[in-house]
Amino acid sequence: MTALALPLLPLLGAALLIGTRRRPSMHLAITLGTLLGTLALGIFAALMEPTVGWRWSALIELRLAVDGFGRVMVVLVPVIAAPIVAYAAVTERDGRTRLLALMLAFVGAMLLLVSAADFVSLLMAWELVGFVSWALIGHGWRDPDNPRAATQAFITTRLGDLGLYAAAGLTFAAVGGFAFEDLASVSRPALDLIAAGVVLAAAAKSAQVPFAPWLFAAMAGPTPVSALLHSATLVAAGAYLLIRLAPSFESVPWFGPLVVGIGLTTAVAGGLVAVLHGHAKRLLAGSTSAQYGLMFVAVGAGSTAAAGAQLVAHAAFKSLLFLGAGVAIHAAGTAHLASLRVGGRLRLVAGLSAVGALALAAVPPLGGAWTKEQVVAAAAHASPWLALAVLGSGFLTALYAARYQLLAFGRPSGGSRPAAVDPPPATVVAAMAALAAISLALGLLWLPGAATTAGRLIGDTPAPSAPWEFALGLVLTAAAFAVAWWLQNRGRLAGLGLPERWRRPAANWLGLPGATERLVVEPLLAASGALATFDNRVVDAGVRGVARLAALASDLLSRGGEWTIDGTVRRVADGTLRLARGSRIADERGVDAAIEGTARGIGLAGSGSRRLQTGQAHHYYVVLAAGLAAMAIVLVFVR
């Protein structure tokens, strides 16, 4: 039951938070206690690899299993979430109980996702992750822009979710089951369609081109929400799905090149967006798409070990950078990089953020440099040209990492003294320090034998790297730092010396949202309008014509009925009424009169007979004599 307890424990913690909403002083202890307990349970599960199943029907069995790269994820998710949720507990005031409960539920949903061993369980977790992310992004619902942004992110990722539904249905249709192991029994072309559905779902969730712009909408959520979404939960779900299922698609020849193409395109595009953007959180969002693009490249090149290692390192340094950005934005009162430069006022925060920036730029001996080297090695194993392209994206990464750090935490230009600000709460600094410590600890991957250990944990063997790859990577990183420093000294680092009129649109995903609006949204709306017009003027017109013909036929039949059937009925009714009136008259004047006359005669006879009842005997004798005489006369004359 350990596999089931993993997602349930954070959900129980969320319920406990709601139950104690009137005692906010307990919330930090509850959230940290829940996540630390989840971490302990995750470590135990990673060592024991538990499974649990529930048979829904004769054909469907739901199963959770902590195995493969899932063993790493059940530890990584609570490790990264704990400092982020602690940061949220002390910095967020509006709806804090709801926010913390949603974040714990989000952790539970993600743990369910990484433990799923079949498509039905995966889809349940996939839907939960999407729904809770929508609620988190729209947390500040009083601002009408936030719910709209949450809806945009939700709908965009939902479009990709259709691919996962298709993959599940095709797997069941092919082999009569939903388990991931069943994919080994699926033959082509069904396996091709399943692979296409998985790639679509993963690309949408991990914000790859052309779905990447939804990450900008996700920036509407609070800073800790952005840190959690971008590091080990929502955006990580797509990359995790590819790492988990890529070995099942080795027989699909186009799978690897397609994933490489998506990842490399996003790595370059995201790097350019991050280099050009002037908003702190959106710069980091572009970086997130680019870094997950590198994971896609590693998967497509055949190294899930490199992709998994990059995911772990990215979770640590990206969450650290987002928390640092939140502190800088709060101190400066703006998210525009040109107006930040708070390093002189927040030196400790600036130092911690520098650890994340150096890890992002892949500076040895930080763990981010080792994982980046593994991605380059995997790319070189597939093609030297692909390795050069990845190294080129690395130059962009180092450039925007240096640009971010110098603008967000550099000193004010012109030699002015920084204004004093209140230091952040100790919990915030501790949260950033914990994430920085993880990034530094990952530097142990440079030790001999660490690659083998990492590969064993992830379930794959990293590709060997060549010295030229490492050397060229260092040269490009140093060149990027030199360019950033040169721009800084000339006061051009914020705008890069480019005209604002085209730098701003280029920073908005190189015009992709506008192109999508013109090439997809507007044509779809126009087609919808044309179909609506066709429906009104053709389909509905035909329906209305048939209705009018039916009404006319009904009217004609009604009139014919009045002339024939209704007329006959009325004549029969009139005759019946006349017969009834005649019968009534005959009854009143004949039958009733005779009965009444007879009754009157009987009454008169009775009255007359009563007169004979005098009580005198001689009157009775006279009547008797008269009667005898009458009888005698009758007898004589009748005969």
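**Salt bridges and buried sites**

Author: A search of the whole structure, which is a predicted model, finds 10 salt bridges.

Reader: Which residue forms a salt bridge with Arg244, and where does that partner lie?
Author: Arg244 belongs to helix H10, residues 234–245. Its partner lies 177 residues away, in the loop between strand E2 (61–65) and helix H3 (70–91). The closest N and O atoms of the pair are 3.9 Å apart, and the partner is Asp67.

Reader: Is Asp67 buried, partly exposed or exposed?
Author: The relative accessibility of Asp67 is 25%. Buried would require under 20% and exposed over 50%. Asp67 therefore counts as partly exposed.

Reader: How far apart are the N and O atoms in the salt bridge of Arg148 and Asp145?
Author: Arg148 and Asp145 are 3 residues apart in helix H6, so about one helical turn separates them. Arg148 is exposed, with a relative accessible area of 53%, whereas Asp145 is partly exposed at 45%. Their side chains meet with an N to O distance of 2.4 Å.

Reader: What is the distance in space between Leu164 and Gly197?
Author: Leu164 lies in helix H6 (residues 145–175) and is buried, with a relative accessible area of 0%. Beyond its neighbours within four places in sequence, its contacts include Phe119, Trp126, Gly197 and Leu241. Leu164 and Gly197 are 33 residues apart in sequence, yet their C-alpha atoms are separated by 5.4 Å.

Reader: How many residues of helix H5 are buried?
Author: Helix H5 covers residues 119–137 and reaches 26 Å from its first C-alpha to its last, close to the 27 Å expected. Asp118 caps its N-terminal end, with a side-chain oxygen 3.0 Å from the backbone nitrogen of Val120. H5 is mostly covered, and of its 19 residues the number buried is 14.

Reader: What percentage of the residues in the protein is buried?
Author: The secondary structure of the protein comes to 23 helices and 2 strands. Of its 639 residues, the buried ones make up 48%.

Methods:
Residues are numbered from 1 along each chain as its sequence is written. This is a predicted model: local features need pLDDT of at least 70, side-chain atom pairs count only at pLDDT 80 or more; totals for chains, interfaces and linings use all residues. Side-chain values use heavy atoms; hydrogens and water are left out. Helices (H or I, at least four residues) and strands (E, at least two) are DSSP runs, numbered from the N terminus. The expected span of a helix is 1.5 Å times one less than its number of residues. Buried means under 20% relative accessible area, exposed over 50%, partly exposed in between (1.4 Å probe, protein chains only). A polar contact is a pair of N or O atoms within 3.5 Å; within protein, one must be able to donate a hydrogen and the other to accept it, and residues adjacent in sequence count only if both atoms are side-chain atoms. Contact means heavy atoms within 4.5 Å. A salt bridge is a side-chain nitrogen of Lys or Arg within 4 Å of a carboxyl oxygen of Asp or Glu.
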